[in-house]
Amino acid sequence: MDPYSENSNNSHQDVSGLPTVASGSNSSPAATSGPSRYENQKRRDWNTFCQYLRNHHPPLFLSQCSGANVLEFLCYLDQFGKTKVHNLICPFYGHPNPPAPCPCPLKQAWGSLDALIGRLRAAYEENGGLPDTNPFGARAVKLYLREIRDQQSKARGVSYEKKKRKRLAPQQDDNILEFQETK
Ligand SMILES: [Zn+2]
């Protein structure tokens with residue numbers, strides 16, 4: 001059963017509108033009514049993060065994980081990003097639709113990172129982590145995300161103010177971690 005086939009036009013589900021945790025049962029998530037897209041994504045994100053920890057040099061254990069390690073993880077993800085973020089010196093700095101290519105780097109869109117952190121934060125506690133030590137809820141992570149949001153909104157000429165319509169940036173992709181699974 002492919003859970004994706006059920007709602008083929010799932011564009012961008014607003015994560016915040018979903019109930020957080022399905023009460024603690026750790027049994028097979030496919031057992032009951034079928035996991036939501038959000039739950040699937042969360043599980044994949046979590047697996048990817050755990051894999052990142054295992055491949056880390058020196059190896060990291062979840063129990064030692066801090067906000068700093070989470071930031072490291074987010075920076076690591078930038079190499080797979082698809083969102084052009086202009087440098088200050090780029091002539092297209094602040095242009096939402098640049099007329100020509102430029103050598104500025106591609107990064108993960110702020111919206112993707114923000115949603116990712118939300119999912120991982122929930123997953124951490126569902127996997128037995130304590131809220132007090134949740135590295136995804138660390139202050140440093142919040143500050144980092146806020147900084148990225150400001151940087152990207154200026155560099156890309158887009159606004160992340162609360163426009164509760166549709167997501168603005170088409171590049172924002174929930175599946176930013178897909179790449180690892182296919183390798
Ligand atoms: Zn540029």
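Guide: The expected span of a helix is 1.5 Å times one less than its number of residues. This is a predicted model, and helix H3 covers residues 110–126.

Visitor: How do you know that the reach of H3 is close to the span expected at 1.5 Å a residue?

Guide: H3 has 17 residues and extends 24 Å from its first C-alpha to its last, against an expected 24 Å. Just after H3, Gly128 adopts a positive phi of about 95 degrees.

Visitor: What makes H3 mostly covered?

Guide: A residue is buried if 20 or more other C-beta atoms lie within 10 Å of its own. In H3, 13 of the 17 residues are buried, so the helix is described as mostly covered. For the protein, 22% of its 183 residues count as buried.

Visitor: Why are H1 and H3 called roughly perpendicular?

Guide: Angles of 65 to 115 degrees count as roughly perpendicular. H1 (residues 37–55) and H3 pack at about 80 degrees, with their axes 9 Å apart. The two helices are therefore roughly perpendicular to each other.

Visitor: Which residues of H1 and H3 meet?

Guide: Gln41, Lys42, Asp45, Trp46 and Phe49 of H1 meet Leu116, Arg119, Leu120, Ala122 and Ala123 of H3. The residues of this contact comprise 6 nonpolar, 1 polar and 3 charged.

Visitor: What pattern does the protein follow along the sequence?

Guide: The pattern is α-α-β-β-α-α-α, and the secondary structure comes to 5 helices and 2 strands. Among contacts with a separation of 6 or more, 72% are between residues 24 or more positions apart.

Definitions and conventions. Residues numbered from 1 in each chain as written. Predicted model: local features only at pLDDT ≥ 70, side-chain atom pairs only at ≥ 80, totals over all residues. Axes fitted to C-alpha atoms, helices over the stretch in contact; angles between N-to-C directions. Helix = DSSP H or I, 4+ residues; strand = E, 2+ residues; numbered from the N terminus. Parallel < 35°, antiparallel > 145°, perpendicular 65-115°, else oblique. Contact = placed C-beta atoms within 7 Å. Nonpolar A, V, L, I, M, F, W, Y, C, P; charged D, E, K, R; others polar. Buried ≥ 20, exposed ≤ 12 C-beta atoms within 10 Å, placed from the backbone.
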